[in-house]
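Here's a walk through the pockets and the helix packing of one protein model. Keep the viewer open as you read.

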Amino acid sequence: EHTLRDNAEAWSRVPLHYRVLVDVSTRDTSTTVLGAPVTMPILVAPTAFHKLVCPDGELATARAASRAGTVMILSSLSNTRVEEVCAAAEHGPVWFQLYVYRDRGATAALVARAEAAGARALVLTVDAPLLGRRERDVRNRFHLPPGLSVENMTTEGHGDVDPQPAESGLAAYVAEKLDPSLGWKDVAWLRSITRLPVLVKGLVRPDDARRAIDHGASGVVVSNHGGRQLDGAPATASVLGAISDAVQGRIEVLVDGGVRRGTDVLRALALGARAVLMGRPILWGLAVAGEEGAFGVLETMREELDQAMALAGCAGVGDVTRELVTR
């Protein structure tokens, strides 16, 4: 878990060269992502199995994100059908995170369902040809309790995770079900079967970001999967600036990994991100108080970002520039 720890610690190593004597009596945290207005540059990252921490699962998350006026990105590995989640998000858009299964027909059917349900974008995860060695999952023989499944894939026959695994049931599921041959050509394949914009999630290299542009991606998510895939991968804070420079504004750059404070969001914006994605803190909020807990996390982050912007001399998100983090 070296990368998991470094993700959070790396943000604190980015100093903020704040401006003074700037009128910040009124501030605005709103922005847009893929042209859609959001009240803050903080989105809900795709994380699996929300019913493990809250009985309402992804429905509670969708309602919290909608109330906060931001995007929820629904995981393929959700305990709730995409149709129900999109219906629950009355005021904020839902994006759909996609894993590509060996069963391409089932994958295409899932994409069609997400689009028909009202999802506004697809977020293709590309850093998981196999699951990383998650030793906690191995030790506790991770599995889903009775009554929970990969709900979006039950109709395709891919909904069950081994209830009595020898090691990690999720690792076994990924090894059996997901396509390890995924390549850049498949970005074009995905674009050919949907009208939705496609973002590529899981990049830590500038050259891969440029390849994403070449293959028609509408955006990239700088991400190392929360530090849970290749341990030793760089912290996302340490590579974000170089990737933003490589992209040169041609597509939108998002980032996740270790974002815990409003000052982390400020740093990410200064390094070129359009917005950040938050995963674990949303689950912590759900575990404590369901929808209200997740909403509270988002509102706390909004308040922290607002304060950080004021103290940095930024009245709006557009005022957050690279000069804040470079001399």
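## Ground rules

Helices (H or I, at least four residues) and strands (E, at least two) are DSSP runs, numbered from the N terminus. Residue numbers start from 1 along each chain, following the sequence as written. The model is predicted, so local features need pLDDT of at least 70 and side-chain atom pairs count only at pLDDT 80 or more, while totals for chains, interfaces and linings use all residues; side-chain values use heavy atoms, with hydrogens and water left out.

## The largest pocket

Rolling a probe the size of a water molecule over the atoms shows where empty space is left. Points are joined across faces, edges and corners, and the volume is the space filled by probe spheres set on them.

The largest pocket comes out at about 960 Å³. It has 39 lining residues, and Thr47, Ala48, Arg228, Arg280 and Leu283 lie nearest its centre. At least two lining residues each come from α5 (135-139), α6 (169-177), β10 (275-278) and α11 (280-312), with α11 giving the largest share, 5 residues. Sorted by class, that lining is 20 nonpolar, 10 polar and 9 charged residues (Ala, Val, Leu, Ile, Met, Phe, Trp, Tyr, Cys and Pro are nonpolar, Asp, Glu, Lys and Arg are charged, and the others, Gly among them, are polar).

## The second largest pocket

Next up is a pocket of about 500 Å³. Its lining has 26 residues, and the closest to the centre are Val126, Asp127, Ala128, Pro129 and Gly202. Strands β6 (122-125) and β7 (198-203) each put in at least two residues, and β7 has the largest share, with 3.

## Helix α10 on α11

Helix α11 also packs against another helix. The axes of α10 (residues 262-270) and α11 come within 7 Å and cross at roughly 60° (axes are lines fitted to C-alpha atoms, for helices over the stretch in contact, and angles run from 0 to 180 degrees between N-to-C directions). That makes α10 oblique to α11, because angles under 35 degrees count as roughly parallel, over 145 as roughly antiparallel, 65 to 115 as roughly perpendicular and the rest as oblique.

In contact (heavy atoms within 4.5 Å) are Gly262, Thr263, Val265 and Leu266 of α10 with Met301, Glu304, Leu305, Ala308, Met309 and Ala312 of α11. That set holds 7 nonpolar, 2 polar and 1 charged residue.

Helix α4 (residues 104-117) and helix α7 (residues 185-192) have axes that come within 11 Å and cross at roughly 50°, which makes α4 oblique to α7. Arg104, Thr107, Ala108 and Val111 of α4 touch Asp186, Trp189 and Leu190 of α7. By class, that is 4 nonpolar, 1 polar and 2 charged.

For α1 (residues 2-12) and α9 (residues 236-247), the axes come within 7 Å and cross at roughly 65°. Asn7, Ala10 and Trp11 of α1 meet Thr236, Ala237 and Leu240 of α9, a contact with 4 nonpolar, 2 polar and no charged residues.

Key: 1 Å grid on protein atoms, 1.4 Å probe; cavity = no way out; pocket = protein on both sides within 12 Å on 5 of 7 lines; lining within 4 Å.
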